[in-house]
Amino acid sequence: MKKKAVYIISVAAVVFTAIIICLIVITAHGSAAGRKQSNGGAENLKGMRLPTSLKPSLYDVRLRSDFVNFIFDGVVSIDVECHEKTNVVVLHCSELTVTDVAMSSPDAPHPTWESNPALDGKPKFDEENQFLIFKLQKPLSKGSKYTIHLKFSGPLQQDYVGYYATPYNTTSGTRWIGSTQLAVTYARRAFPCFDEPAFKARFLLTLDHAPDYNAISNMPLMSNTTLEDGWTRSKFEESVPMSTYLMAWTVFDFTPLEKTTNNGIDFRVWARPDAMDAANYGLNKGADIIDFYGEYFGTKFPLPKMDFVAVPGYQIIAMENWGMNVFEPAKFLYEEGVTTSEDQVTICELIAHELAHQWFGNLVTFQWWDDLWLNEGFASYVECLGTNFTEPEWNMMDMFMWRDKYPVLVTDSLVTSRPISMSVDTYDKIFQQFDWISYNKGASILRMLSNFLGEDTFRKGLKWYLETFAYDNTDKDGLWLILNEAAGEDGKSHMDVKKIMDTWTIQMGYPLVSITRDYDREDGIHFTATQERFLLNPDHPDAKKQDYKWHVPLTYTTSRLPQFEMMPQEWLTPSTDTRQISIGEAQSSDWLLANVESRGYYRVNYDLSNWALLTDTLMKDHAAIPPASRSTLINDAFNLARAGYLDIGVALNISRYLYSEWDFVPWAAADDVMGFVESMLRGTEAYGNFKTYVADLTSLLFSSGIGQIQRIAFLNKRLQAVIVKLACSYGNPDCLQKAKSQFAKWKNNPATNMIFPDMRLAVYCTAIAEGGQGEWEFAFEQYQKTNSDTEKATLLAGMTCSQDKDILKRYLSYLLDIDVISDAYHERVLTGVIANAAGSTLAWEFFWNNFDTILKIHGENFFNFIAMATSLTATLNTEEQLAMLKSELDKHPNQWAAQRTFTQGIEITEANIRWMGNNYDKVATWLQQEA
């Protein structure tokens, strides 16, 4: 995107006044950047990092919000300490008009130039790095304290970053509110500041607003006063030290639900008036989880209050601002009789995730964005603990593999993956850090670490970590140091945490542990375990560039002595990557299972005889192996076959046991891997037999009535949703008939929707796919009428199933008008049409023909844009499609945060082509034999 210009408008004489329009679009960034700079003139500044000569200690921010003219005016005073003699002041500023700049010192507290540090020339603006730079006539003294004063204004835009405006509808018309999204680097769009994580400071905030509004922020409200013009001035208590990206405020006309937690924290939730009933779930679960974390971490929540806000139109899912979390309404509001069990899990996990950040990210913050995973990995792991506490029947630790680990194992098996901890020296790279690696791999290796250290030692280490670095910043080595100390105190000094974990954080990828048994010996089980890097495409030209090895905690158990909690553990290391292991109590006829309960971040392959023993057990008595391990066997087998380490027939043979599987977690894993096979076979002669096979696998469960029962246990509801989806999408006649019938009843009586929430997506999709324009138009009408964010999302997804290309083409065109379909839902619509055989080509053409417009709409919402890019390339599997992808990327070089995603899309397409060449004939033959 074209960078916007910078204008210097005027200069006053006595009190130096410069008007600088700080107009930068972050999506345009991409230059190389250096390390932090120290002293020197503005001409010596290089790269995106601020100098370290000045350190802020307190911000006093005062803002006035105008929702008629959609502007805000502000003044900020920043107390700083000079750490190194300098005559240059550098701070961040973007999209703001700065009208006054001045400095004062304790000896001359008023910002006038007769007695204060005077500017030397005009302030300058470094557009590329978003720096506001001004030189002083005399240098600031090391150890002295000063205050920077700036007056500024900015637009209240509907762009959901910085300080923005967003509308919501009421019976009396449209109302506007103001809220903030200062992460990742958007605090500088709300007020000039030192906008890097390590520049922690305290904040004072004053908000002037119309009298029919109220305001909240990170800290409790200190006072409300009425101004001479009738407006209200809201002042907030001084904050604890925190990074700029965690500051937050909202100006709105909502009223809260509130309660006090058992630990005395004032807890409130806010939403638009017609959605308040759906906010109770978030209030209750949030209150439970925040108290649980305080006990679990041994460190109580350090603020006196917590607010949750469901911000209308918010698109970045959620944000962990300290003491004031904000949420996308569809990901937060729980509506009884409308919200699905899957969405309920998402809501609870998201609440737990953002609350985990109050400790991991807010209390202790990463030093720089290269260790973002210390925030997101911890929150993604700890969210499972918090959710498991408040919803114990959900078995969240079993779900962890399916929701967190399995997806990242695919991404991390690419040669174009990245280490968890890597150098970040451009703005694009900051945004690219928000990916599967930081979140899911970070969570997975922390789960592995907790298991091999032991939970008690891990918790002790976390407590010490939070105490040691409270209100400060650190990096991964700070974490390893503390955990080493905890391990040593607990008699585990033989575990060098840094040495072990560096192999998981500094290297990309993960190991494949191959197990080969010696069946000739009858005195137990004897096997050799070796490690190598698992690659989705081992034939890739760059596959052999790095010979990575890891410290691998290898756990195992057998059918003779099944242990799924206190199981034996051996270590594979970079220097001893092959181990000979014996289990004397077992026999050669017993099965062997490694990576028990999938607690390690690696895949396991076995010799064919052991695969046969495991398959035979699954067919005869699958309950002998717990659901989590059954799930992993399915996921590993199909992905080993996908990469060419295992014959696809072995994986397909394992899937046959699913006919009698009644647990959700293995079926969720099966849904994923079967979905990949379906996408490869789509349009081939084998596709019909594959649909018949999967429909047959679901037939027993579907015919049992699982698709017709509403009041069942939670995990059975999850299973119900998967089985009905598979049965209908793969053509089970009974499922098709029931879905069409239920949709028709609703269509005939729109006021009463009797379709079970967990079945609605499958029913909508099936009825619209099997129907015509009437069904689609009815669904679109219901989308326009409903006030339920959950129901809107479900209807939009269901409408992507239409088989009418004219309808799909029109549907896609609606994405260019956010007044028709909110941009918060665009990724859902585009992804759904891509997955539809009737619409995949249309979606491809729409995306590339409108690339610049889509990038403009979603440029700031990098999560949505990356998700679209991922879906667009996931199922390409021909040389022609590969050539088309490369051609489009050449035409559109500005891919912003999705650059790595598109690069990986090329690699995935190449791997898919390889899969077709290696496996298609085998799969077709196997399916023919099953038929």
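Entry 1. I began with a strand pair. Strand E19 (residues 305-310) and strand E21 (residues 324-327) run parallel and are joined by four bridges. I looked up Asp307 and found that its bridge partner in E21 is Met324. A reminder to myself: this is a predicted model.

Entry 2. Next I stepped back to the sheet around that pair. This open sheet has five strands in the order E17-E18-E19-E21-E20, and its pairing is mixed. Which strands stand at the edges? I noted strand E17 (256-260) and strand E20 (318-319); each has a single partner strand, so one side of each is left without a neighbour in the sheet.

Entry 3. Then I checked what packs on this sheet. Helix H1 (residues 280-296) touches E17, strand E18 (266-270) and E19, and its direction makes about 150° with that of E18. Helix H2 (residues 341-357) packs on the sheet too, touching E19, E20 and E21. The direction of H2 makes about 145° with that of E21.

Entry 4. I followed H2 to a helix partner. H2 packs against helix H3 (residues 373-390) at an angle of about 125°, and their axes are 7 Å apart. The two helices are therefore oblique to each other. H2 passes H3 in a right-handed crossing. On the H2 side, I listed Cys348, Glu349, Ala352, His353, Ala356 and His357 as making the contact. From H3, the contact residues include Asn375, Ala379, Val382, Cys384, Gly386 and Thr390.

Entry 5. I moved on to another sheet, an open one of three strands in the order E5-E8-E7 with antiparallel pairing. Its edge strands are E5 and strand E7 (124-126), each of which pairs on one side only. From one strand to the next, the twist averages 35°.

Entry 6. I took a closer look at strand E5 (residues 86-92). How many of its seven residues are buried? I found six, so I can call E5 mostly covered, with buried meaning under 20% relative accessible area. E5 pairs with strand E8 (residues 131-140) in the antiparallel sense over six bridges. Across that pairing, Thr86 stands opposite Leu140 in E8, and Val88 stands opposite Lys135 in E8.

Entry 7. The largest nonpolar core has 316 residues, and Phe191 and Trp249 have the most contacts inside it. Helix H13 (residues 664-681) gives the most to this core, with twelve residues.

Key. Residues are numbered from 1 along each chain as its sequence is written. This is a predicted model: local features need pLDDT of at least 70, side-chain atom pairs count only at pLDDT 80 or more; totals for chains, interfaces and linings use all residues. Side-chain values use heavy atoms; hydrogens and water are left out. Two strands pair if DSSP finds at least two bridges between them. Contact means heavy atoms within 4.5 Å. Axes are lines fitted to C-alpha atoms, for helices over the stretch in contact, and angles run from 0 to 180 degrees between N-to-C directions. A nonpolar core is a set of buried Ala, Val, Leu, Ile, Met, Phe, Trp, Tyr and Cys residues joined through side-chain atoms within 4.5 Å. Buried means under 20% relative accessible area, exposed over 50%, partly exposed in between (1.4 Å probe, protein chains only). Angles under 35 degrees count as roughly parallel, over 145 as roughly antiparallel, 65 to 115 as roughly perpendicular and the rest as oblique. A crossing is left-handed if the near helix is turned anticlockwise from the far one by less than a right angle, and right-handed if clockwise.
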